[in-house]
Amino acid sequence: MLFLQPQFYRRFMNNEIARRRTFAIVAHPDAGKTSLTEKLLLFGGQIQVAGAVKSNKIRKTATSDWMDIEKQRGISVTTSVLEFDYHDYKINILDTPGHQDFAEDTYRTLTAVDSVIIVIDAAKGVEAQTLKLMEVCRMRNTPVIIFVNKMDREGKDPFDLLDELEEQLEISVRPLSWPIDMGQRFKGVYNIYEQKLNLFQPSKQVVTEKVEVDINTQELEQHIGDKQAEQLRNDLELISGVYPAFDREQYLAGKLAPVFFGSALNNFGVQELLDCFVEIAPCPRPVLATEREVNPEEPKFTGFVFKITANIDPNHRSCIAFCKVCSGKFERNTPYYHVRHDKTMRFTSPVQFMAQRKSTVDEAWAGDIIGLPDNGIFKIGDTLTEGEHLHFRGLPSFSPEMFKYIENADPMKQKQLAKGIDQLMDEGVAQLFVNQFNGRKIIGTVGQLQFEVIQYRLLNEYNASCCWEPVHLYKACWIESDDEAELQDFMKRKYQYMAKDREGRDVYLADSSYVLSMAQQDFKHIRFHFTSEF
Ligand code: G4P
């Protein structure tokens, strides 16, 4: 880059940061996340034809085809980043695993985004995973836009859906586009934000026709017919009566979710979503560290690792640590301070990600995600700075849903196993608890698949074999109390179920919901937390 006078440099930097939109698209499986991502890439010129990326197949192309297990199972395990320019904006989409068993990965990825698009299936409405994802967004007041997908199919009544979204996701909603009927009778959407009518033509590639119509004239009837014109006018009247005008500040505060309707598969309503998104969505926001709030415009580089992926190249056991740049500018080959290790390091080959490839990056600005080659130096949550002692706060771990004892299956490989478990836990693949009664290691996961991934990776990357033994547990609860005597009494009585997490915190492993609720009743001063940060 050319040398710029400080005041020009500052302006240049602020422009760079202001044009960035770093976000994730999340959904309950099958709602249409992949289809929507694909259409966004199409608009970004990253792929030439629709259908190139389909139903999680995006991750079967070179960029993210990183783990053998992925190939075997056709399930995307890793998270990647898709970057492209759209008009004056730089878009960074953080792709999240399609499979529910890797939900924890998705939650962690949400720590690195500035906003989120949630995709909802119009027929199914709010589903289990949608609730959990929204809970995570609420924890950080992440601004959320909702895209109601599959309008070309019969679905729920849009007003009922809005009520459902508001009630179940515990957020105010405001439609910014409105569907004209659905399924076979689907005519299109009225773009409330731009006040334009968008007529539906089922097509995966053609960008649909937009017509400017004064909805109070007969022109509307000519386009969509008498009955639907009347219905649309009534609906719009009801909307403006019931929902206050869209308030961007409320959206940015995470209190109001604008809602769009469309069909990702047919590429319908997607450009409207994207155009409105780049306009209203936040540019990189301040990030909270334990010590202070860090502003993206600060000149000095800071960043944190939110995700570590395994084995991009199966021949070398190297991982990539995904680092979100929180402030300033990251430059290749520049010494940065790794706070946890209290060491300065330089990175000679950081990478950035395009839809189908990755390339070496020389510089990155706040809001960007860079991939740092990692041979065991990083742990989720690690902070990099230009020397300041900062600790960015990660996302708390949720209580796992499944638990198993992990045992060594090859006595000659004890060391390899210990190292493997340690590194996999650093990557955040699962959670490790050590039972205080018998010293056995318990692995907790969100889904069955993670046990298989761990076993596979221990063998392939660490040459260690493990086997699993059942342990019947219901939840992990991080416990605390102001009444030390009661806490000690509790731990004594429950000694068989007490464990330590990797940070040495006390965790009660309840074996059933009944036992847990009894414990909560009997030990009134003990607080039982289902996440590791409280
Ligand atoms: P996901 O990433 O959220 O899991 O969803 P994905 O986009 O893979 O979509 C899940 C299924 O829903 C796919 O069908 C996809 O074609 C379909 N779909 C997505 N958007 C729409 C839409 O707007 N309208 C309709 N009618 N269907 C939609 P599939 O049969 O599972 O896969 P495929 O054979 O179509 O690839």
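This is a predicted model: local features need pLDDT of at least 70, side-chain atom pairs count only at pLDDT 80 or more; totals for chains, interfaces and linings use all residues.
Helices (H or I, at least four residues) and strands (E, at least two) are DSSP runs, numbered from the N terminus. Asp482 counts as exposed at 69% relative accessibility, whereas Arg527, at 32%, counts as partly exposed; buried means under 20% relative accessible area, exposed over 50%, and partly exposed in between, with a 1.4 Å probe and protein chains only.

Residues are numbered from 1 along each chain as its sequence is written, and side-chain values use heavy atoms, with hydrogens and water left out.

Now the chain as a whole. Its secondary structure comes to 14 helices and 31 strands, and 55% of its 534 residues count as buried. Among contacts (heavy atoms within 4.5 Å) between residues at least 6 apart in sequence, 71% join residues at least 24 apart. The protein chain exposes about 22900 Å², of which carbon and sulfur atoms supply 47%; these areas come from the Shrake-Rupley method with a 1.4 Å probe, and for residues only the protein chains shown count as cover.

Back to the charged pairs. How many salt bridges are there by this rule? The count comes to 33. One of them joins the side chains of Arg332 and Asp362, with an N to O distance of 2.7 Å. Arg332 lies in the loop between β16 and β17, and Asp362 in the loop between β20 (358-360) and β21 (363-365), so this pair ties together parts that are 30 residues apart in sequence. Both ends are partly exposed, Arg332 with a relative accessible area of 32% and Asp362 with 47%.

Another salt bridge is made by the side chains of Arg502 and Asp422, at 3.0 Å from N to O. Here again distant parts of the chain are linked, with Arg502 in the loop between β29 and β30 (506-510) and Asp422 in helix α11 (residues 414-426), 80 residues apart. Arg502 is partly exposed at 32% relative accessible area, and Asp422 is partly exposed at 40%.

What about a charge without such a partner? Lys494, found in the loop between α13 (484-493) and β29 (498-500), is buried yet has no salt bridge, and the nearest side chain of opposite charge, Asp511, is 6.5 Å away; in this count Lys and Arg are positive and Asp and Glu negative, while His and the chain ends are not counted. Leaving aside its neighbours within four places in sequence, Lys494 is in contact with Tyr508, Val515 and Ala519.

Helix α10 (residues 270-280), in turn, is mostly covered, nine of its 11 residues being buried, and the buried residues include Glu272 and Asp275 along with Leu273, Leu274 and Phe277.

Finally, the backbone. Most residues other than glycine have a negative phi. Asp181, although not a glycine, has a positive phi of about 60°; its place is in the loop between β7 (177-180) and β8 (188-191), and at 28% relative accessibility Asp181 counts as partly exposed. Asn333, also not a glycine, has a positive phi of about 65° and lies in the loop between β16 (329-331) and β17 (335-338), where Asn333 is partly exposed with a relative accessible area of 35%.

Notes:
A salt bridge is a side-chain nitrogen of Lys or Arg within 4 Å of a carboxyl oxygen of Asp or Glu.
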